[in-house]
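Hi,

Here is the structure I promised to pass on.

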Amino acid sequence: MWEIEIEDILLDYGLEAEILYYVYNKSFITYQKKINYFVIPTIIINSITGALLFDQRVKDILIISYILASFNIITAIMTTLLKFFNYIDLLSQCKILSLSYLSLFEDIKLTLMKRPEHRPNDLEYLENIKKRREDLYNNFSIIQDSIRKDFKSRHKDIILPLKLNHISKIQIYGRNIESIYSKTPSSHSIEV
């Protein structure tokens, strides 16, 4: 039989997975735009310079040859900067994490929607979910401040996961710990 506490834990994990899906999907879109800022101008410049180099009249004019060479240097710089900023790897990481967190969310959501007798064993399922979360945490990618701030401004009523630079309160079964969090830090000190 499923315990309410395990359902509550899974509910928290599901919400966390949904939030992290959201922010990693936003990160994926942001990195895709940043990559396009480098790739599209490079394609255009390379296409134009390549086409102009086939024209013998253009090759004979020294100033145009210098301009075309300058454009090739600019595209080389843009390609190097794209590699330096590591946007392509970050894009790939965010896509993988986004899809993985979506899969985790959907798994938890569908399991909790079933009647308890149609669910897998509660403790085994919880351990499986904890293992999947741990694996995802090991592949953590930094979330941009702008995305984190945007999420916080849109969803003020949701407690953010620790990955989003938010300190969470710990709940102890059967105890009201709100009073502990409202005390000053010095009142928590332990005398030795």
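Below are the notes, going from the overall fold to one helix and then to the aromatic rings.

This is a predicted model, so to speak of local features I kept to pLDDT of at least 70 and counted side-chain atom pairs only at pLDDT 80 or more, while totals for chains, interfaces and linings use all residues. Residues are numbered from 1 along each chain as its sequence is written, and side-chain values use heavy atoms, with hydrogens and water left out.

The protein chain has seven helices and zero strands; these are DSSP runs numbered from the N terminus (helices: H or I, at least four residues; strands: E, at least two). Of its 192 residues, 27% count as buried (under 20% relative accessible area; exposed is over 50%, partly exposed in between, with a 1.4 Å probe and protein chains only). Among contacts (heavy atoms within 4.5 Å) between residues at least 6 apart in sequence, 75% join residues at least 24 apart.

Helix α5 is worth a visit. It covers residues 122-138, and its 17 residues reach 24 Å from first C-alpha to last, close to the 24 Å expected at 1.5 Å a residue (the expected span is 1.5 Å times one less than the number of residues). Asp122, Tyr125, Leu126, Ile129, Arg133 and Leu136 are buried in α5. Seen down the axis, these buried residues fall within an arc of 100 degrees, so they line one face of the helix (the arc is that of the directions from the helix axis to the C-beta atoms). What covers them includes α1 and α4 (87-113), whereas the face turned away carries the exposed residues Leu123, Glu124 and Asn138.

Now the rings. The whole structure holds eight aromatic pairs (rings of Phe, Tyr and Trp, the last by its six-membered ring, with centres within 6.5 Å; planes under 30 degrees apart are stacked, over 60 edge-to-face, the rest tilted). Phe38 and Phe85 have ring centres 6.1 Å apart and planes at 55 degrees, so this pair is tilted. Phe38 lies in helix α1 (residues 4-53) and Phe85 in helix α3 (residues 62-85), so the pair ties together parts that are 47 residues apart in sequence. Phe38 is buried at 14% relative accessible area; Phe85 is partly exposed at 36%.

Best wishes
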